[in-house]
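Hi everyone, thanks for making time for this.

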Amino acid sequence: MLPKISIILPVYNVDLWLDETVQSIQAQSLQEWEAIFVIDGSPDKSKQILQRYAAVDHRIKIIEQENYGQGAARDHGVEHAQGDYLFFLDPDDLIPPKALDLAYERALTTSADIIVGDYIEFKDGGNPSSMQQGASRDFQRYFSQYGDDIFYRKNITDNNFFYHSLYFMVVWMKLFKRETWLKNGIKAPVGLTMGEDFMTVKKMLLLNSSIATVDAILIYYR
(Lines give C-alpha, C1' and ligand atoms only; values in the text may rest on other atoms or scores of the structure.)
Protein backbone atom coordinates (compact mmCIF):
# COMPACT_ATOMS: atom_id res chain seq x y z
CA MET A 1 0.00 0.00 0.00
CA LEU A 2 1.39 3.40 -0.97
CA PRO A 3 1.78 5.97 1.82
CA LYS A 4 -0.65 8.84 2.15
CA ILE A 5 2.08 11.23 3.28
CA SER A 6 5.81 11.34 2.56
CA ILE A 7 7.76 13.02 5.35
CA ILE A 8 11.04 14.50 4.08
CA LEU A 9 13.87 15.12 6.56
CA PRO A 10 17.34 16.51 5.68
CA VAL A 11 19.87 15.09 8.15
CA TYR A 12 23.05 16.82 9.26
CA ASN A 13 24.54 16.60 12.78
CA VAL A 14 21.26 15.89 14.57
CA ASP A 15 22.08 12.64 16.37
CA LEU A 16 21.30 14.23 19.75
CA TRP A 17 17.64 14.69 18.82
CA LEU A 18 16.98 12.05 16.18
CA ASP A 19 15.47 9.45 18.51
CA GLU A 20 12.85 11.92 19.71
CA THR A 21 11.99 12.96 16.18
CA VAL A 22 11.63 9.42 14.84
CA GLN A 23 9.50 8.40 17.81
CA SER A 24 7.20 11.40 17.31
CA ILE A 25 6.66 10.23 13.71
CA GLN A 26 5.98 6.65 14.77
CA ALA A 27 3.46 7.90 17.35
CA GLN A 28 1.23 9.48 14.69
CA SER A 29 -2.43 8.47 14.73
CA LEU A 30 -2.22 8.33 10.93
CA GLN A 31 0.10 5.42 10.27
CA GLU A 32 0.15 5.39 6.44
CA TRP A 33 3.31 7.44 6.04
CA GLU A 34 6.86 7.05 4.87
CA ALA A 35 9.73 8.98 6.43
CA ILE A 36 12.57 9.69 3.99
CA PHE A 37 15.74 10.70 5.83
CA VAL A 38 18.30 12.25 3.48
CA ILE A 39 21.72 12.13 5.13
CA ASP A 40 23.50 15.20 3.80
CA GLY A 41 27.10 14.11 4.33
CA SER A 42 26.53 14.12 8.08
CA PRO A 43 29.67 13.09 10.02
CA ASP A 44 27.87 12.16 13.26
CA LYS A 45 26.01 9.00 14.32
CA SER A 46 22.73 9.86 12.59
CA LYS A 47 23.05 7.06 10.04
CA GLN A 48 23.56 4.38 12.69
CA ILE A 49 20.56 5.63 14.67
CA LEU A 50 18.33 5.61 11.59
CA GLN A 51 19.51 2.17 10.51
CA ARG A 52 18.36 0.82 13.87
CA TYR A 53 14.84 2.12 13.27
CA ALA A 54 14.74 1.17 9.58
CA ALA A 55 15.63 -2.42 10.44
CA VAL A 56 12.28 -2.87 12.19
CA ASP A 57 10.08 -0.28 10.44
CA HIS A 58 9.86 -0.48 6.64
CA ARG A 59 8.32 3.00 6.47
CA ILE A 60 11.65 4.56 7.45
CA LYS A 61 13.93 5.05 4.46
CA ILE A 62 17.50 6.30 4.32
CA ILE A 63 19.15 8.12 1.41
CA GLU A 64 22.72 9.41 1.43
CA GLN A 65 24.32 12.25 -0.48
CA GLU A 66 27.39 14.45 -0.23
CA ASN A 67 26.99 17.63 1.77
CA TYR A 68 25.00 19.84 -0.62
CA GLY A 69 22.77 21.54 1.95
CA GLN A 70 19.27 20.98 3.23
CA GLY A 71 17.54 22.37 0.14
CA ALA A 72 19.24 19.82 -2.09
CA ALA A 73 18.54 17.13 0.51
CA ARG A 74 14.84 17.94 0.49
CA ASP A 75 14.79 17.85 -3.31
CA HIS A 76 16.48 14.45 -3.22
CA GLY A 77 13.86 13.21 -0.80
CA VAL A 78 11.00 14.44 -2.98
CA GLU A 79 12.44 12.50 -5.92
CA HIS A 80 11.94 9.28 -3.94
CA ALA A 81 8.58 10.19 -2.38
CA GLN A 82 5.52 8.07 -3.13
CA GLY A 83 2.90 9.68 -0.92
CA ASP A 84 0.01 11.78 -2.16
CA TYR A 85 1.23 14.63 0.04
CA LEU A 86 4.60 15.97 1.17
CA PHE A 87 5.39 17.02 4.73
CA PHE A 88 8.77 18.61 5.47
CA LEU A 89 10.29 18.21 8.91
CA ASP A 90 13.64 19.23 10.37
CA PRO A 91 15.02 16.25 12.29
CA ASP A 92 15.48 18.13 15.56
CA ASP A 93 11.78 19.10 15.63
CA LEU A 94 8.77 17.00 16.63
CA ILE A 95 5.26 16.30 15.34
CA PRO A 96 2.23 16.27 17.66
CA PRO A 97 0.47 12.86 17.64
CA LYS A 98 -2.56 13.90 15.56
CA ALA A 99 -0.82 16.39 13.27
CA LEU A 100 -0.66 14.28 10.11
CA ASP A 101 -4.19 12.98 10.60
CA LEU A 102 -5.68 16.46 10.97
CA ALA A 103 -3.73 17.92 8.04
CA TYR A 104 -4.54 14.98 5.77
CA GLU A 105 -8.25 15.08 6.64
CA ARG A 106 -8.32 18.79 5.84
CA ALA A 107 -6.51 18.15 2.55
CA LEU A 108 -9.11 15.59 1.52
CA THR A 109 -11.98 17.85 2.53
CA THR A 110 -10.73 20.89 0.62
CA SER A 111 -8.58 19.35 -2.16
CA ALA A 112 -6.23 22.31 -1.58
CA ASP A 113 -2.67 22.19 -2.89
CA ILE A 114 -1.29 23.50 0.40
CA ILE A 115 -2.55 23.01 3.94
CA VAL A 116 -1.10 25.50 6.43
CA GLY A 117 -1.07 24.73 10.13
CA ASP A 118 0.50 26.31 13.19
CA TYR A 119 3.61 25.66 15.29
CA ILE A 120 4.81 25.97 18.87
CA GLU A 121 8.36 26.76 19.90
CA PHE A 122 9.92 24.83 22.76
CA LYS A 123 13.33 24.83 24.40
CA ASP A 124 15.61 21.83 24.20
CA GLY A 125 14.76 19.54 27.08
CA GLY A 126 11.23 20.92 27.35
CA ASN A 127 7.97 19.01 27.05
CA PRO A 128 5.96 20.47 24.15
CA SER A 129 3.15 17.92 24.52
CA SER A 130 1.95 19.82 27.59
CA MET A 131 1.35 22.93 25.46
CA GLN A 132 -1.76 23.95 23.56
CA GLN A 133 -2.97 21.75 20.72
CA GLY A 134 -5.17 24.18 18.82
CA ALA A 135 -3.77 26.98 16.68
CA SER A 136 -2.59 30.17 18.35
CA ARG A 137 -4.32 33.54 18.52
CA ASP A 138 -1.85 34.89 15.98
CA PHE A 139 -2.76 32.10 13.58
CA GLN A 140 -6.47 32.79 14.06
CA ARG A 141 -5.94 36.51 13.61
CA TYR A 142 -4.01 36.06 10.37
CA PHE A 143 -6.23 33.43 8.78
CA SER A 144 -9.74 33.91 10.22
CA GLN A 145 -10.71 36.16 7.32
CA TYR A 146 -10.52 33.19 4.96
CA GLY A 147 -12.80 31.00 7.07
CA ASP A 148 -13.03 27.36 6.01
CA ASP A 149 -12.70 28.17 2.33
CA ILE A 150 -9.69 27.73 0.12
CA PHE A 151 -7.88 30.89 -0.99
CA TYR A 152 -5.05 31.95 -3.27
CA ARG A 153 -2.12 34.34 -3.27
CA LYS A 154 -4.29 36.99 -4.94
CA ASN A 155 -6.64 36.89 -1.92
CA ILE A 156 -3.83 37.83 0.50
CA THR A 157 -4.06 41.60 0.47
CA ASP A 158 -1.57 42.17 3.30
CA ASN A 159 1.75 41.99 1.46
CA ASN A 160 3.74 42.43 4.66
CA PHE A 161 2.07 39.28 5.99
CA PHE A 162 2.69 37.37 2.77
CA TYR A 163 6.37 38.28 2.43
CA HIS A 164 7.46 38.38 6.06
CA SER A 165 5.29 36.01 8.06
CA LEU A 166 6.91 32.70 9.04
CA TYR A 167 3.75 30.97 7.81
CA PHE A 168 4.80 31.77 4.25
CA MET A 169 8.57 31.61 4.72
CA VAL A 170 9.26 27.97 5.63
CA VAL A 171 8.32 24.61 4.15
CA TRP A 172 7.47 23.05 7.49
CA MET A 173 4.06 23.20 9.26
CA LYS A 174 2.48 22.58 5.87
CA LEU A 175 1.16 19.72 3.79
CA PHE A 176 1.81 19.97 0.04
CA LYS A 177 0.03 18.02 -2.69
CA ARG A 178 2.89 16.12 -4.32
CA GLU A 179 1.29 16.17 -7.77
CA THR A 180 1.13 19.98 -7.72
CA TRP A 181 4.67 20.26 -6.32
CA LEU A 182 6.04 18.14 -9.18
CA LYS A 183 3.88 19.75 -11.86
CA ASN A 184 5.23 23.17 -10.90
CA GLY A 185 8.82 21.91 -10.90
CA ILE A 186 9.49 23.11 -7.35
CA LYS A 187 13.21 22.95 -6.51
CA ALA A 188 15.43 24.67 -3.98
CA PRO A 189 17.63 27.37 -5.57
CA VAL A 190 21.10 25.99 -6.25
CA GLY A 191 23.85 27.53 -4.11
CA LEU A 192 21.66 28.98 -1.36
CA THR A 193 22.50 27.78 2.15
CA MET A 194 19.97 30.02 3.92
CA GLY A 195 16.45 30.95 2.89
CA GLU A 196 16.08 28.23 0.28
CA ASP A 197 12.73 27.14 1.69
CA PHE A 198 11.52 30.76 1.54
CA MET A 199 12.05 30.65 -2.23
CA THR A 200 10.40 27.26 -2.74
CA VAL A 201 7.32 28.16 -0.70
CA LYS A 202 6.92 31.51 -2.46
CA LYS A 203 7.14 29.84 -5.86
CA MET A 204 4.47 27.33 -4.91
CA LEU A 205 2.20 30.12 -3.65
CA LEU A 206 2.76 32.40 -6.63
CA LEU A 207 1.88 29.67 -9.14
CA ASN A 208 -1.82 29.87 -8.30
CA SER A 209 -1.79 27.03 -5.80
CA SER A 210 -4.90 26.73 -3.65
CA ILE A 211 -4.42 27.15 0.10
CA ALA A 212 -6.45 26.03 3.11
CA THR A 213 -5.69 26.17 6.81
CA VAL A 214 -6.08 23.64 9.58
CA ASP A 215 -6.71 24.73 13.17
CA ALA A 216 -3.95 22.57 14.64
CA ILE A 217 -0.34 22.55 15.73
CA LEU A 218 1.63 20.64 13.09
CA ILE A 219 5.15 21.23 14.39
CA TYR A 220 6.87 21.46 17.75
CA TYR A 221 9.79 23.70 16.79
CA ARG A 222 12.92 23.21 18.89
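Let's start with Asp124 and Arg222, whose side chains meet in a salt bridge at 2.6 Å, N to O. Keep in mind that this is a predicted model. Asp124 sits in the loop between E5 and helix H5 (137–143), while Arg222 is in the segment after E7, so the pair ties together parts that are 98 residues apart in sequence. Are these two partners buried or exposed? Asp124 is exposed, because its relative accessible area is 52% and the cut-off for exposed is over 50%. Arg222 counts as buried, at 17% relative accessibility.

Next, have a look at helix H5. There, Arg141 and Asp138 form a salt bridge, 3.0 Å from N to O. The two are three residues apart in the helix, so about one helical turn separates them. Arg141 is exposed, with a relative accessible area of 52%, whereas Asp138 is partly exposed at 39%. Back to our opening pair for a moment: salt bridges with shared partners join Asp124 and Arg222 with Glu20 into one network.

How many salt bridges turn up in the whole structure? The search finds eleven. One more to show you is Lys47 with Glu64, where the closest N and O atoms are 2.9 Å apart. This one links distant parts of the chain, with Lys47 in helix H2 (residues 46–54) and Glu64 in strand E3 (residues 60–65), 17 residues apart. Both count as partly exposed: Lys47 at 30% relative accessibility and Glu64 at 47%.

Now for the helix I promised, H4. With twelve residues, 99–110, at 1.5 Å a residue, H4 should span 16 Å, and its end C-alpha atoms are 17 Å apart, which agrees. Which residues of H4 are buried? They are Ala99, Leu100, Ala103, Tyr104, Arg106, Ala107 and Thr110. Looking down the helix axis, you'd see these buried residues of H4 fall within an arc of 160°, so they line one face. And what do they pack against? The partners are strands E1 (5–11), E2 (33–40), E4 (85–88), E5 (114–121), E6 (174–177) and E7 (211–221). On the face of H4 turned away from the buried side, you'll find the exposed residues Glu105 and Thr109.

Notes
Residues numbered from 1 in each chain as written. Predicted model: local features only at pLDDT ≥ 70, side-chain atom pairs only at ≥ 80, totals over all residues. Heavy atoms only, no water. Helix = DSSP H or I, 4+ residues; strand = E, 2+ residues; numbered from the N terminus. Expected span 1.5 Å × (residues − 1). Buried < 20%, exposed > 50% of the residue type's maximum accessible area, 1.4 Å probe, protein only. Arc of directions from axis to C-beta. Contact = heavy atoms within 4.5 Å. Salt bridge = Lys/Arg side-chain N within 4 Å of Asp/Glu carboxyl O.
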